[in-house]
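This report describes one protein chain for a reader who has not seen it before. Please look over the sequence and the model first.

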Amino acid sequence: MSKKKPRPIPVPAQFIPGLIDAHTHLASCGGDLAGLVERAKEAGVEKLCTVGDGLAEAELALEAAQQFGNVFAACAIHPTKAHQLDEAARARLTEMAADPNCVAIGETGLDTYWITHDPENTAALDVQEEALCWHVDLAISADKPLMIHNREADADLMRVLADAPAPKDTILHCFSSPLEMAKEALDRGYVLSFAGNVTFKRNEELREAARIAPISQILIETDAPYMTPEPFRGSRNEPSLIGHTALCIAEVRGMAVEDVAAALNENFDRVYGVTNP
Ligand SMILES: [Zn+2]
Ligand SMILES: [Zn+2]
């Protein structure tokens, strides 16, 4: 008989000044927003981008951004829900994109994993593709970066993005694809945003991508409440835990973690068009 070991309660890494979390879902983390933002601040997190992945969630993301000076919002309809992108949703998202609190259009993209695993409730690939193209056009007209979600759709995604006009920046959030795709994405000027899975033991290839990427083309994110970094894999994630991912990036690049944090902080401002007071 095997006894399941209780999961350790996650704690932040050492205090690292200037950290950023480029993609999180505050509304899904549970607990009060102020507590999440405060705990992140205590761990050194200076700024974070919270993502609405449906119309209601995008409204919440904008509200959080209005409430907290160091929180910024990304707005879109998630590819799995692309069938919800009706005329009313398009009209509202167009308004949201013009809001100064909205710093990115996302997460949009392609997801074939859920088409396979839950076809009843998941938008079909052609519907996802049309929605992705619509979001690309929105990013361009709003002059905001495009934030891409990609799950088991590498080839289709790279084809659609190559055929579409280019937004000011393209972020591949929770980058989890093979090294060859990382190289192609970097050649195209995309930004790779690494989540907690870059710390997982078997993901040597992701760490190699994080090592070879120009530092100006890297972001880090929690994608909380998912993707908790080691040593807390499997527990609930939140922005205060981003330091573990920063330490991993610093180690593979042979850099001081403070220097990594400073560089990624600059990338956050540049990509999201954030000006600090
Ligand atoms: Zn995603
Ligand atoms: Zn996400």
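In which strand does Glu 107 lie? Glu 107 lies in strand β4, which covers residues 102-111. Helices (H or I, at least four residues) and strands (E, at least two) are DSSP runs numbered from the N terminus.

The model is predicted: local features need pLDDT of at least 70, side-chain atom pairs count only at pLDDT 80 or more, and totals for chains, interfaces and linings use all residues. Residues are numbered from 1 along each chain as its sequence is written, chains are lettered from A and ligands numbered from 1 in the order in which they are written, and side-chain values use heavy atoms, with hydrogens and water left out.

## Overall form

The protein chain has ten helices and eight strands. Its radius of gyration is 18 Å, close to the 19 Å that the globule rule gives for 277 residues, so the chain is as compact as a globular protein of that length. The radius is taken over C-alpha atoms, and the globule rule is 2.2 Å times the number of residues to the power 0.38. Along the principal axes, the C-alpha atoms fill a box of roughly 45 × 45 × 45 Å.

Of the 277 residues, 57% are buried. Buried means under 20% relative accessible area, exposed means over 50%, and partly exposed is in between (1.4 Å probe, protein chains only). Among contacts in the chain with a separation of 6 or more, 73% are between residues 24 or more positions apart. Contact means heavy atoms within 4.5 Å.

## The nonpolar core

The largest nonpolar core has 86 residues. Such a core is a set of buried Ala, Val, Leu, Ile, Met, Phe, Trp, Tyr and Cys residues joined through side-chain atoms within 4.5 Å. The residues with the most contacts inside this core are Leu 172, Phe 175, Phe 194, Phe 268 and Tyr 272. Helix α10 (residues 257-272) gives the most to the core, with seven residues.

What does Phe 194 touch, not counting residues up to four places away in sequence? Its partners include Phe 175, Leu 206, Ile 218, Ile 220 and Ile 249, and also Glu 221 and Thr 245.

## Two packed helices

Two packed helices are described by the angle between their axes and the distance between the axes. Helix α6 (residues 154-163) and helix α7 (residues 179-187) pack at an angle of about 10°, with their axes 12 Å apart. Axes are lines fitted to C-alpha atoms, for helices over the stretch in contact, and angles run from 0 to 180 degrees between N-to-C directions. Helices α6 and α7 are therefore roughly parallel to each other; angles under 35 degrees count as roughly parallel, over 145 as roughly antiparallel, 65 to 115 as roughly perpendicular and the rest as oblique.

Asp 154, Leu 157 and Met 158 of α6 meet Met 181, Glu 184 and Ala 185 of α7. These contact residues divide into four nonpolar, no polar and two charged. Ala, Val, Leu, Ile, Met, Phe, Trp, Tyr, Cys and Pro count as nonpolar, Asp, Glu, Lys and Arg as charged, and the others, Gly among them, as polar.

## Backbone details

Most residues other than glycine have a negative phi, and most peptide bonds are trans. The table lists some exceptions.

| Site | Feature | Value |
|---|---|---|
| Gly 106 and Glu 107 | cis peptide bond | omega about 10° |
| Glu 230 and Pro 231 | cis peptide bond | omega about 10° |
| Asp 143 | positive phi | near 55° |
| Glu 152 | positive phi | about 55° |

Pro 231 is in the loop between β8 (218-220) and α9 (242-253). Asp 143 sits in the loop between α5 (125-142) and β5 (146-151) and is exposed at 54% relative accessibility. Glu 152 is in the loop between β5 and α6, and Glu 152 is exposed too, with a relative accessible area of 56%.

## Individual residues

Is Cys 29 buried or exposed? Cys 29 counts as buried, at 5% relative accessibility, and is found in the loop between β1 (19-24) and α1 (33-42). Among the residues that Cys 29 touches are Leu 36, Ala 224, Arg 236 and Pro 239.

Gly 273, in the segment after α10, is exposed at 58% relative accessibility. Gly 273 and Pro 100 are 173 residues apart in sequence and 9.7 Å apart in space, C-alpha to C-alpha. Glu 266 is in helix α10 and is exposed, with a relative accessible area of 60%.
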